[in-house]
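Work through these exercises with the model open beside you. Try each task before you read its solution.

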Amino acid sequence: MAAARNCMVTNDWICGEYLRSRSQELTDATIQHIWITAVSVLIGLLVAFPLALLARRGRRFAGPVLGLTTVLYTVPSLAMFSLLLPFFGLSAALVVTGLVLYSLTILVRNILAGLEAVPQEAREAARGMGYGPVRLLWEVELPLATPALMAGVRIATVSTIALTTVGSIVGRGGLGNLIGDALPSFFKAQVLTASVLCVLLAVAADLLLLGLQRLLTPWTRIRAPRPGAGAEASGRAAGAGGPGGAMAKAV
C-alpha cells in the first residue's frame, strides 16, 4: 500500500495514485482533445468536399487543388501555427484551423478518388431516368463513393488525434498539454497515461467510424456466392419436382 501511495514520489511509469488524484484533469484534457479533433475533421470535410468537386472538373483545376493541399501538408506544424498566429491569436481557433489545413490533403484525395470510381454505367442509367446533376451527385455518386470517403475520414481522424497534441504550444492541445507539462520534470506516469489515452482515442475513433461506414454501406457486406452454390440451388430446385416438391407446392 505504501508503495502504491508513493509511486508518484518514486516517479513510476504506472501509478494508480496519479490516476485517482488527477482524474478530473485527465477527463478535461480528454474532452478538449475529442472536441478539437471532431470540430477539425468536420470543418475539414466541409472544405474538402467543394474542393474535390472542383478538382474533378478537369486537370486545370485538379493540379492546383491537389498541389496546394499537398504543400499545406508539408508545412511543419510549428511554422503553420506561427503563420496563423497573427490571424487567430493564442486560441483554439488557431489549432483547429491548422488541423483543418492538414486534413485537406487526405480528405480531398479520397473524396475525389471515390467520385471518380463511380461506374460510368451508373451515371448513364441515372441520367436516363431523368436525374439532374445535383440529384445524381447526392443520390448516386456520393453513396457509391462512401467507402473511399469514409476511409479518408478515418485516416484524417486518426492523424488529427495525433497532431492535436502539438496544440500544447498554445495551451490548446488536449492530452498534449499534459505531455508538455510533464516533459520538463519527466513525470513518467503523466507522460505514459496521456500517451496511452491518445492511442485509445485513435483506436476508438477508428472503430466507431468503421462501424458507421458499415452501417452506411450495407451492400459492401453482401458475400459473393460460394463455388458450387449454383449447382446446389439447381439440385434443390430439381428436387422440388419430386413427390416432396409436389406436396410442398400443393400446400
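## Exercise 1: The largest pocket

α3 gives the largest share of the lining of the largest pocket, seven residues. The model is predicted: local features need pLDDT of at least 70, side-chain atom pairs count only at pLDDT 80 or more, and totals for chains, interfaces and linings use all residues. Residues are numbered from 1 along each chain as its sequence is written, and side-chain values use heavy atoms, with hydrogens and water left out.

**Task.** Find which helices each supply at least two residues of this lining, and state how the lining residues divide by type.

**Solution.** 

Step 1. On a 1 Å grid over the protein atoms alone, a pocket is an open set of points with protein on both sides within 12 Å along at least five of seven lines. A cavity is a set of points where a 1.4 Å probe fits but cannot get out. Lining residues have an atom within 4 Å of a point. Grid points are joined across faces, edges and corners, and a volume is the space filled by probe spheres set on the points.

Step 2. Read the volume. The largest pocket holds about 300 Å³ of space. It has 14 lining residues, and the closest to its centre are Ile34, Thr37, Ala38, Thr157 and Ala205.

Step 3. Name the helices. They are α3 (23-55), α8 (133-163) and α10 (188-216). Helices are DSSP runs (H or I, at least four residues) and strands likewise (E, at least two), numbered from the N terminus.

Step 4. Sort by type. The lining has 11 nonpolar residues, three polar and no charged. Here Ala, Val, Leu, Ile, Met, Phe, Trp, Tyr, Cys and Pro count as nonpolar, Asp, Glu, Lys and Arg as charged, and the others, Gly among them, as polar.

## Exercise 2: The whole chain

**Task.** Then find what percentage of the residues is buried.

**Solution.** 

Step 1. Apply the burial rule. Buried means under 20% relative accessible area, exposed over 50%, and partly exposed in between (1.4 Å probe, protein chains only). Of the 251 residues, 35% are buried.

Step 2. Look at contacts, meaning heavy atoms within 4.5 Å. Among contacts with a separation of 6 or more, 70% join residues 24 or more positions apart.

## Exercise 3: Aromatic pairs

**Task.** How many aromatic pairs does a search of the whole structure find? Classify each one.

**Solution.** 

Step 1. Recall the rule. A pair of aromatic rings is described by the distance of the centres and the angle of the planes. Rings of Phe, Tyr and Trp (its six-membered ring) pair if their centres lie within 6.5 Å. Planes under 30 degrees apart count as stacked, over 60 as edge-to-face and the rest as tilted.

Step 2. Count. The search finds two aromatic pairs.

Step 3. Classify Phe49 and Trp138. Their ring centres are 5.8 Å apart and their planes meet at 40°, so the pair is tilted. Phe49 lies in helix α3 and Trp138 in helix α8, so the pair ties together parts 89 residues apart in sequence. Phe49 is buried, at 17% relative accessible area. Trp138 is exposed, at 52%.

Step 4. Classify Tyr73 and Tyr102. This pair is edge-to-face, with 6.1 Å centre to centre and 90° between the planes. Tyr73 lies in helix α4 (residues 59-74) and Tyr102 in helix α6 (residues 92-116), so the pair ties together parts 29 residues apart in sequence. Tyr73 is partly exposed, at 39% relative accessibility. Tyr102 is buried, at 6%.

## Exercise 4: The cavity and a buried residue

**Task.** Which residues line the largest cavity? Is Ile111 buried or exposed?

**Solution.** 

Step 1. Find the cavity. The structure holds one cavity of 30 Å³ or more. The largest cavity has about 40 Å³ of space.

Step 2. List the lining. It consists of Tyr73, Leu99, Tyr102, Ser103, Ile106, Ala156, Ser159, Thr160 and Leu163. Both α6 and α8 supply at least two of the lining residues. Six are nonpolar, three polar and none charged.

Step 3. Turn to Ile111, which sits in helix α6. Ile111 is buried, with 2% relative accessibility.

Step 4. List its contacts. Leaving out residues up to four places away in sequence, Ile111 touches Leu45, Ala48, Phe49, Ala52 and Leu149.
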